[in-house]
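Subject: A structure for you to look through

Hi there,

Here is the structure I promised to pass on to you. Have a look at it first, and then read my notes below.

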Amino acid sequence: MRKMFRAAAAAAVATVAAAVMTVGSTATAQAADGTPWAGCSYGAACVYPENQDPPTTKTHEFVAYGAYNLSNQYGMHWILNNQYDNGKVDLCYGYNGTNCFHTLQGGSGIRIDFTPINSVVLRP
């Protein structure tokens, strides 16, 4: 039983390490001039389709502070944070904004494996 528990724990650690290591490239900072960025409205955070690089056509746009659950998002996606007042976006393993592991500052973006990500949180 202990062997099975150790194997499961090792697999979980390997999965987390792989998810962190799959962080791809980051986007250059967007000027806070009130304009859209790659189709993402000023004041919003946007997710783009799998393997779309560079990001051009968004699939999700979030505009209000709070947690947003995701479904059927697998593989490499861009997420851009075009919020005003340096609003932040947290990427989370759990639903409803739990177990967050990465924060995007306002005017930044990242291409990352969304397979383990189940929610994003917009906050001040």
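If you number the bonded cysteines of the protein chain in sequence order, the pairing is 1-2, 3-4. That makes 2 disulfides, where a disulfide is counted when two cysteine sulfur atoms lie within 2.5 Å of each other. In general, such a link is a covalent bond between the sulfur atoms of two cysteines.

Before I go on, a word on the source: this is a predicted model, in which local features need pLDDT of at least 70 and side-chain atom pairs count only at pLDDT 80 or more, while totals for chains, interfaces and linings use all residues. Residues are numbered from 1 along each chain as its sequence is written, and side-chain values use heavy atoms, with hydrogens and water left out.

Back to the cysteines. Cysteine 40 is bonded to cysteine 46, with 2.2 Å between the sulfur atoms. The link is right-handed, with 85° about the S-S bond. Both cysteine 40 and cysteine 46 are buried (buried is under 20% relative accessible area, exposed is over 50%, and partly exposed is in between, using a 1.4 Å probe and protein chains only).

The other disulfide joins cysteine 92 and cysteine 100, at 2.0 Å from S to S. This link is right-handed too, with 75° about its S-S bond. Are its two ends buried or partly exposed? Cysteine 92 is buried, because its relative accessible area is 0%. Cysteine 100 has 36% relative accessibility, so it counts as partly exposed.

Next, please find strand β8, residues 108-113 (strands are DSSP runs of E with at least two residues, numbered from the N terminus). In a regular strand, side chains alternate between the two faces of the sheet. In β8 both faces are covered: Ser108, Ile110 and Ile112 are buried on one side, and Gly109, Arg111 and Asp113 on the other. With 6 of its 6 residues buried, β8 is therefore largely enclosed by the rest of the structure. It pairs with strand β5 (residues 76-82) in the antiparallel sense over 6 bridges; pairing requires at least two DSSP bridges. Within this pair, isoleucine 79 stands opposite isoleucine 110 of β8.

Finally, look at aspartate 113 in β8. What does its side chain contact? The side chains of aspartate 113 and threonine 115 make a polar contact of 2.7 Å. A polar atom of the aspartate 113 side chain also lies 3.5 Å from the backbone nitrogen of glycine 75.

Enjoy exploring!

Terms used: Helices (H or I, at least four residues) and strands (E, at least two) are DSSP runs, numbered from the N terminus. A polar contact is a pair of N or O atoms within 3.5 Å; within protein, one must be able to donate a hydrogen and the other to accept it, and residues adjacent in sequence count only if both atoms are side-chain atoms.
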